[in-house]
Amino acid sequence: MGTEPQAPKHLEDWLRDAHAMEKQAEKMLEAQASRLEHYPQLKARIEQHLTETRGQAEKIEQCISLLGADLSSMKDIGGKLAAFGQAIGGMMAGDEVVKGGLASYAFEHFEIASYKALIQAAEKVGKPEIARICEQILREEEAMAEWLGQHLDATTRQFLERSEDSDLRAKT
């Protein structure tokens, strides 16, 4: 019985962390999409995931409400993710598209792990609706990670080809 009261607390804390994570992801995706010019397929997929990410943040807010928690006092782990997000969102190096792809791929896997933990926490405390919502989000994150993984080679090759041509801007 000693660990039982902690499970709902962990679920609420982790949902708040997930909300902050999605808000940070939204900023990173907006920054990436705004700068991509010569990678239309990548830009379109990032914009699609940006829409999904906004919906994910709303779904997490719904989960927090289902717990009866107050949304107005949302704490953020933004500080923990801010450095990572700034690194991705603010990359202005000549190889931005490749580094952004690497960082996005890693961040998607961080999100996947987070949602797997949330599903377990929700199931532990008997909140199947929250588990179901987190499973929906997990599938979107897995799909984005899969897409990024499948396209990283082609994006890198395109970048390398563009970087060899002095008349083309490879970066974006």
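**The helix packing around α5**

Modeller: Helices α2 and α5 lie roughly antiparallel to each other, because angles over 145 degrees are called roughly antiparallel, those under 35 roughly parallel, those from 65 to 115 roughly perpendicular, and the rest oblique. The axes of α2 (residues 40–66) and α5 (residues 128–164) cross at roughly 160° and come within 10 Å. Such axes are lines fitted to C-alpha atoms, for helices over the stretch in contact, with angles from 0 to 180 degrees between N-to-C directions. The crossing of α2 and α5 is left-handed (the near helix is turned anticlockwise from the far one by less than a right angle). Sorted by class, this contact of α2 with α5 has 12 nonpolar, 7 polar and 6 charged residues; Ala, Val, Leu, Ile, Met, Phe, Trp, Tyr, Cys and Pro count as nonpolar, Asp, Glu, Lys and Arg as charged, and the others, Gly among them, as polar.

The model is predicted: local features need pLDDT of at least 70 and side-chain atom pairs pLDDT 80 or more, while totals for chains, interfaces and linings use all residues. Residues are numbered from 1 along each chain as its sequence is written, and side-chain values use heavy atoms, without hydrogens and water.

Helix α5 also packs with helix α4 (residues 96–124), their axes coming within 8 Å and crossing at roughly 160°. Hence α4 and α5 are likewise roughly antiparallel to each other, and the crossing of α4 and α5 is left-handed. The contact of α4 with α5 has 19 nonpolar, 6 polar and 7 charged residues.

V98 is buried, with a relative accessible area of 15% (buried is under 20%, exposed over 50%, partly exposed in between, with a 1.4 Å probe and protein chains only). Beyond its neighbours within four places in sequence, V98 is in contact with T156 and F159, where contact means heavy atoms within 4.5 Å. V98 and T155 stand 57 residues apart in sequence, yet their C-alpha atoms are 7.1 Å apart in space.

As for the setting, the chain has 5 helices and 0 strands (DSSP runs of H or I, at least four residues, and of E, at least two, numbered from the N terminus). Among contacts with a separation of 6 or more, 79% join residues 24 or more positions apart. Of the 172 residues in the chain, 44% are buried.
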